[in-house]
Every structure is written in structure tokens, then in C-alpha cells.
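Subject: Structure handover

Hello,

Here is the structure I said I would pass on. My notes on what was found in it follow below.

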Amino acid sequence: MNAARPGIPPRRALTALVCALVVLAGCERRDARPLAIDRILRSGELRAGTTADVPPLSMRDRDGQLMGLEVDLVRALATNMNLKVTFVEIPFAELIPAIERGEIDLAIAGMTITPERNARVPFAGPYLISGNTLLTRKSELAEAEEPTQLDDPKLSFATLDASTSARFVRAHMPKARLVTMPDNDSCVKALLAGEVDGVIADLQVLTIARWRHPDAELYLRYAPFTTEPLGIALPPDAPLFLNLVTNYLNTLEGTGELSQLKAKWLGDGAWLQRLP
């Protein structure tokens, strides 16, 4: 009887191994999904998630049409990619889950790039640097130099749900009452109704809110408490699509088109007359 040579598996074991590899390869082919960039280029459509409630970044005019810095930015990116863009309105807290489920191709809604979010999805940008600040009907609150001066159980602050603003209040004003809401407009309405003492949100959002209500005697803390780099959230495990968006975002910045968009929406309030 010939002994099996060392290092060479018996024929039966080798056959079983080959069969297992074939089965695994078949499973991998069945489970594999098309790359994000392949699907987008084949469809010719870019699905962009937005809240449409972050003026002057994204909002609706009196005719219900989307407008704003982020809206124009996404349209410019899509034009450069030879794609049509479809905006999908989604609550802020649901934007990243929608990306992870493959329901949208990107999310842009005044979203700060944070380590926690970046652990779930990649970001292109930042395309704008903002910061959380305070809008209030009490001048003494707007004059606070440190957030600890607002840490009072008698005070209440409204923020956007699942936002860095909410996290900021929890971290720096734990004694104050935090009221989270699904959109920024609800936060401002609560302030105007006297239901909260202030709103914590991005400087741009609160600046526009103050412009829109000139007779409400609102006070704005112009120096933000934080620095917030805003980015475009993209699908996880899609490095080629991230590279494409980053390249075109850099191109818009290099040509000066991004600066022109910022001047249009951040430096001039002429578009306010188009709001409802």
C-alpha cells in the first residue's frame, strides 16, 4: 500500500475543499451589490437627501421649489457629472440611515462632519465652516461668554433632533432643559411662542431666522460656541464615488464657482423675498 505523500491532501478531502470554494464563490456573486458609482452612472440619476429646512442652505420658496446654497451646489456637481439630480426630502435624523440602506446616494443638510458620523459613512468636504450659536428673546442670554453661563435648570433650549447642537447642550448645559424637534422651523416657532428660552443651531440658520422676524426682538450670539465643518455624506464602502464627488467639489472651489454660491446665499439677503 502506497503511503500518501506529506503535504498533499487525500483526494476526498481535496474534492470537498474545491466544492466548498465553488459554493462560497457563488454566494459571494449572489450577495454582491453593484458599486454605487456603477449604479449612478447607469441610471444617470443622482439621488440627494435633504431636509429642505436649513436656510440659507436648503429650503422651499413660496411655490414649493427647493433653493439654497446646498441645492445649487448639488446641481452644479450633477451637471459636471452629466447626471440629473433628484432631491429626496428626509428628516435629519433619518439621512444617514437612508444612505446606509441605499435609498439615497448622498445627504447634504448642514451636516457636521463628526467622528461618530464618519465611522458610519464617508464625507466629501467640508464645503462650508459653520458653528453652533444661540438665538433668544433675552439679551442677557445672548451676551453669555461661556455655555456654562447658560447651564441653568430654569432655562430651556430647542435643538434639531440628532444634531451636534443637541449634543452640545447635553455636554455643556446638562442642567438646562433640552427640547429636540424634527426641524429647525419648529425650534424657531417654539422660541417665538415663548415655549423655550433659546434655540441652539448653526449660525447661518439662526441669522436667517432673525432676519425673517424683525419685529420679534430676537437676540443672536454672533460668535459661535463651536466650529462645525459641513460635508456631503456618501454611501459606505464606495471609495470611487467618494473620489468622484471630492474631485468635482475641489473643481468648483478651484474655479471660484463655490465662492460665488456662498456670496449669493450668505452675503446677500435678496432671496428672502422668495420665502413663504
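Is Trp265 buried or exposed? Trp265 counts as buried, at 2% relative accessibility, where buried means under 20% relative accessible area, exposed over 50% and partly exposed in between, with a 1.4 Å probe and protein chains only.

Before the rest, two remarks on the basis. This is a predicted model, in which local features need pLDDT of at least 70 and side-chain atom pairs count only at pLDDT 80 or more, while totals for chains, interfaces and linings use all residues. Residues are numbered from 1 along each chain as its sequence is written, and side-chain values use heavy atoms, with hydrogens and water left out.

Aromatic pairs

The structure holds two aromatic pairs; rings of Phe, Tyr and Trp (its six-membered ring) pair if their centres lie within 6.5 Å, and planes under 30 degrees apart count as stacked, over 60 as edge-to-face and the rest as tilted. Phe168 and Phe225 form a stacked pair, 5.4 Å centre to centre with 25 degrees between the planes. Phe168 belongs to helix H7 (residues 164-172) and Phe225 to the loop between E11 and E12, 57 residues apart. Helices (H or I, at least four residues) and strands (E, at least two) are DSSP runs, numbered from the N terminus. Phe168 is buried at 7% relative accessible area, and Phe225 is buried at 18%. The rings of Trp265 and Trp271 have centres 5.5 Å apart and planes at 50 degrees, so this pair is tilted. Trp271 is buried too, at 5%.

Thr226

Thr226 lies in the loop between strand E11 (219-220) and strand E12 (228-233). Its side chain makes a polar contact of 2.7 Å with that of Glu228; such a contact is a pair of N or O atoms within 3.5 Å, where within protein one must be able to donate a hydrogen and the other to accept it, and residues adjacent in sequence count only if both atoms are side-chain atoms. A polar atom of the Thr226 side chain also lies 2.9 Å from the backbone nitrogen of Asn132.

Cores

The largest nonpolar core has 41 residues, and Leu46, Leu73 and Phe241 are among those with the most contacts inside it. A nonpolar core is a set of buried Ala, Val, Leu, Ile, Met, Phe, Trp, Tyr and Cys residues joined through side-chain atoms within 4.5 Å. Helix H3 (residues 69-80) gives the most to this core, with seven residues. Apart from this core lies another, of 16 residues, including Cys187 and Leu206.

Regards
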